[in-house]
Amino acid sequence: MIEYALFIDLMLGVGAVITAILCLAIRDLFQSILVFMCMGLLVTLIWARLGAWDVAIAEAAIGAGLTGALLLATRRRLMQQDKS
């Protein structure tokens, strides 16, 4: 049972690091924002695994949801400015 929990924790940590690196490496802005939102969800799961439910809920709402929506809205505004 301990090995299974360690495997889950290891996969979440590696997934968060890989998605963070991908956020910086991807050239397409839309894909980068989507990967950023996925990273926020992985960090949410990490906080939940640590037992910090309040931090996990805040991370899901702010880190993945609100920040992702603001980044997508900013991207759309930038694309509209480029067209005009």
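The expected span of a helix is 1.5 Å times one less than its number of residues. Helices here are DSSP runs (H or I, at least four residues), numbered from the N terminus. The model is predicted: local features need pLDDT of at least 70, side-chain atom pairs count only at pLDDT 80 or more, and totals for chains, interfaces and linings use all residues. Residues are numbered from 1 along each chain as its sequence is written, and side-chain values use heavy atoms, with hydrogens and water left out.

**Exercise 1. Helix spans**

Compare the end-to-end reach of helix 1 with its expected span, then do this for helix 2.

Solution. Step 1: helix 1 covers residues 2-25 and has 24 residues. From first to last C-alpha, helix 1 reaches 34 Å, close to the expected 34 Å. Step 2: helix 2 has 21 residues, and its C-alpha ends lie 30 Å apart, close to the expected 30 Å. Step 3: look just past the end of helix 2, where Gly51 takes a positive phi of about 90°.

**Exercise 2. Buried faces**

Which residues of helix 1 are buried, and what do they pack against?

Solution. Step 1: apply the cut-offs (buried under 20% relative accessible area, exposed over 50%, partly exposed in between; 1.4 Å probe, protein chains only). In helix 1, Leu12, Gly15, Ala16, Thr19 and Cys23 are buried. The buried residues of helix 1 pack against helix 2, residues 29-49. Step 3: turn to helix 2, where the buried residues include Ser32, Ile33, Met39, Gly40 and Leu42. Buried residues of helix 2 pack against helix 1 and also helix 3, residues 53-83.

**Exercise 3. Surroundings of Gly40**

Describe where Gly40 sits and what Gly40 touches.

Solution. Step 1: Gly40 belongs to helix 2, and its relative accessible area of 3% makes it buried. Step 3: leaving out residues up to four places away in sequence, Gly40 touches Glu59 and Ala64.

**Exercise 4. A surface patch**

Find the nonpolar surface patch that contains Leu10.

Solution. Step 1: the patch rule takes residues with over 30% relative accessible area and no salt bridge, joining nonpolar side chains (Val, Leu, Ile, Met, Phe, Trp, Tyr) within 5 Å and like charges within 9 Å. Areas come from the Shrake-Rupley method with a 1.4 Å probe, counting only the protein chains shown as cover for residues. Step 2: Leu10, in helix 1, is exposed because its relative accessibility is 52%. Step 3: Leu10, Val14, Ile18 and Leu22 form the patch, with about 330 Å² of accessible area together. An α-helix has 3.6 residues a turn, so residues three or four places apart point the same way.

Conventions
A salt bridge is a side-chain nitrogen of Lys or Arg within 4 Å of a carboxyl oxygen of Asp or Glu. Helices (H or I, at least four residues) and strands (E, at least two) are DSSP runs, numbered from the N terminus. Contact means heavy atoms within 4.5 Å.
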